[in-house]
Amino acid sequence: ATSPYVVDVDVTEAGGVCVDTDGDTIGSKVTVEGADGPMCLEHVHPHEYNVYDFSKWNRRHVGNDANNNFFPITQHFAERGKVNINFPGSHPISRWDTGRRQLTYIGVYGETIDFKDLSD
């Protein structure tokens, strides 16, 4: 499956290696000529545009109070009809790396998936 929102670009020359060891290329942009004219591509976090099931995370997040059916983060977004959660800049990225293990990866935003491929 492919997503109209994500393009993987190989910027290495044949046999070359391109490694960003300190993450300083995130946010860089390049304009390329596409089939419909110029396209602006931006280097983003590798998990940007991934789609996850947050059910397990929602039950385990430290800011929740399951005894009182209080789930402020997900309720805040759901009550407003939102479908995305922005990772807070006040949290170290290590929290994403650790917390992501509680999420079920579904696919990439814009892809089409078959319901039979979803886990229970």
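Author: Contact means heavy atoms within 4.5 Å. The model discussed here is predicted.

Reader: Which residues does F71 touch, not counting residues up to four places away in sequence?

Author: F71 touches N58, R59, N64 and A66. The place of F71 is the loop between helix 1 (55-60) and helix 2 (72-79). The C-alpha atoms of F71 and N58 are separated by 7.1 Å, and these residues are 13 apart along the chain.

Reader: Why does F71 count as buried?

Author: Buried means under 20% relative accessible area. F71 has 13% relative accessibility, so F71 counts as buried.

Reader: What makes S3 buried?

Author: The cut-off is under 20%. The relative accessible area of S3 is 12%, and therefore S3 is buried. S3 lies in the segment before strand 1 (29-34). Leaving aside neighbours within four places in sequence, S3 is in contact with V108, Y109, G110 and E111.

Reader: How do you know that the side chain of S3 makes a polar contact with the backbone nitrogen of Y5?

Author: A polar contact is a pair of N or O atoms within 3.5 Å, one able to donate a hydrogen and the other to accept it. The side chain of S3 reaches the backbone nitrogen of Y5 at 3.1 Å, so the distance is within the limit. A polar atom of the S3 side chain also lies 2.4 Å from the backbone oxygen of Y109.

Reader: Why is the pair of Y52 and Y105 called edge-to-face?

Author: By the rule for aromatic pairs, the count comes to four. In the pair of Y52 and Y105, the rings are 5.8 Å apart centre to centre, with 70° between the planes. Ring centres must lie within 6.5 Å, and planes over 60 degrees apart count as edge-to-face, so the name applies. The pair links distant parts of the chain: Y52 is in strand 3 and Y105 in strand 4 (residues 104-108), 53 residues apart.

Reader: Are Y52 and Y105 buried or partly exposed?

Author: Y52 has 15% relative accessibility, under the 20% limit, so Y52 counts as buried. Y105, at 46%, falls between 20% and 50% and therefore counts as partly exposed.

Reader: Why is Y49 called partly exposed?

Author: The relative accessible area of Y49 is 37%, between 20% and 50%, so Y49 is partly exposed. Y49 also forms one aromatic cluster with Y5 and Y109.

Key. Residues are numbered from 1 along each chain as its sequence is written. This is a predicted model: local features need pLDDT of at least 70, side-chain atom pairs count only at pLDDT 80 or more; totals for chains, interfaces and linings use all residues. Side-chain values use heavy atoms; hydrogens and water are left out. Helices (H or I, at least four residues) and strands (E, at least two) are DSSP runs, numbered from the N terminus. Buried means under 20% relative accessible area, exposed over 50%, partly exposed in between (1.4 Å probe, protein chains only). Rings of Phe, Tyr and Trp (its six-membered ring) pair if their centres lie within 6.5 Å; planes under 30 degrees apart count as stacked, over 60 as edge-to-face and the rest as tilted.
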